[in-house]
Amino acid sequence: MKNQDLKKAEREGILQRMTAAVQASDSGAFTQAWADLAGSIEQEVLEDARALHAQADTAILAARGVRQLTSEETQYYEHLIEAMRAPDPKQALSGLPDAMPKTTIDAVFEDLEAAHPLLDAITFLNTSGLVELLVNVSGNQVASWAPLTSEITKELEGGFKKVQLSLKKLSAFLPVSKDMLDLGPAWLDRYVRAVLAEALALGLEEGIINGTGKDMPIGMNRQVGDGVTVTGGVYPEKTPVKVTALDPVSYGGLLAQLTHAPNGKTRAVDRVLMVVSPADYLKKIMPATTIRAADGTYVSNVFPFPTTVVQSVQMKENQMLIGLPKRYFMGIGTGKSGKLEYSDDYRFLEDERVYLVKLYGHGEPLDNNAFLLCDISGLEPAVQAVKVDSRTAGSGS
């Protein structure tokens, strides 16, 4: 059994190959890297299952990622295993009455949110089975003590938007060996969740931060709303606001821009999200938000306003995103049928069968003022002002 450091290094190497394949538009290299990743996850699950073969303690199993399944989930995986073992799995799966349970996708979301703070901060929803969703793009609507005129009706209707969830698709294939089927429903669930989490994690942060809107989400750094010119499906990037200091006056003036809600309304802001690259956090944000206490120790992340800082490798250096995290909507779920499909397209090992799961979704800022793109190339470190009281200076007392 490989040690954890070696497993982590191998996993990171595979992910780097996948990223490079995406950047080079090399579908063959991506397919092979994805197969290697799924194989790595499967081997890890098999090793854990063999090590805990006689273990019935649910707390220990949970620590290894093995959940206590609901009756619906158990039934689903039992039927799935039976179909996967059939001589003609394609026909068996097509007749399978069960869709992937919503709770399984919920568990994938929980795994993702635990590993990615950005996903925990935004409005991240399981939209399994939904084709479109109605979202409130204007925030809270104010009731009007007046006759319901057509003008008021139009204003209220203008505060909602239909989000098409079937426009963006992510397909992930799962090579499943016979050994995996022998482990039973709970371990198969762990494998399926791990593969789906990796499939989503690979592109979610990139889409949420930098997405162009073309075959991917619309990023926080993009302009949205009425009057925005979309060319070839690509939304234009926001013009960066130059930020040189994070003192109360400068920071308050910056955040005041977030109070401008759609339709000429104003909203309260009680907390903001800040997204920066790891390098910029250490070189710019940390020096600008670290002060020395009276006892000589340093206190970090001292902001004049409640701020949650998230470091993301998808963020460009010398740039910062700041805004209202719950005003970014991301909905992802399985297709309307919610079923796994058998695929003849990929063959890796003789004892493996390959299955396909399709995920649909969409993400976008709910209004153009929800997020600000900032240029922090000139951000200065924090300087503590020292004021001398002229009444006591030089008095010797």
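Modeller: We can go through the salt bridges and then one threonine. This is a predicted model, where local features need pLDDT of at least 70, side-chain atom pairs count only at pLDDT 80 or more, and totals for chains, interfaces and linings use all residues. Residues are numbered from 1 along each chain as its sequence is written, and side-chain values use heavy atoms, with hydrogens and water left out.

Colleague: How many salt bridges does the structure hold?

Modeller: There are 14, a salt bridge being a side-chain nitrogen of Lys or Arg within 4 Å of a carboxyl oxygen of Asp or Glu.

Colleague: What does Asp-48 pair with?

Modeller: Its salt-bridge partner is Arg-190, with the closest N and O atoms 2.9 Å apart. Asp-48 lies in helix H2 and Arg-190 in helix H10 (residues 185–210), 142 residues apart, so the pair links distant parts of the chain. Helices here are DSSP runs of H or I with at least four residues, strands are E runs of at least two, and both are numbered from the N terminus.

Colleague: Is Asp-48 buried or exposed?

Modeller: Asp-48 is buried, at 8% relative accessibility, and Arg-190 is also buried, at 10%. Buried means under 20% relative accessible area, exposed over 50%, and partly exposed in between (1.4 Å probe, protein chains only).

Colleague: And which residues are joined into one network?

Modeller: Arg-11, Glu-44, Asp-48, Arg-190 and Glu-198, through salt bridges that share partners.

Colleague: What about Asp-375 and Lys-242, how do their side chains meet?

Modeller: In a salt bridge, at 3.5 Å from N to O. The pair connects strand E14 (residues 371–375), which holds Asp-375, with strand E5 (residues 241–242), which holds Lys-242. Asp-375 counts as partly exposed at 21% relative accessibility, while Lys-242 counts as exposed at 56%.

Colleague: Changing topic: where is Thr-307 found?

Modeller: Thr-307 is in strand E9 (residues 307–311). Thr-307 counts as buried because its relative accessible area is 14%.

Colleague: What does the side chain of Thr-307 make a polar contact with?

Modeller: With the side chain of Tyr-251, at 2.9 Å. A polar contact is a pair of N or O atoms within 3.5 Å; within protein, one must be able to donate a hydrogen and the other to accept it, and residues adjacent in sequence count only if both atoms are side-chain atoms. The Thr-307 side chain also reaches the backbone oxygen of Phe-305, at 2.8 Å.
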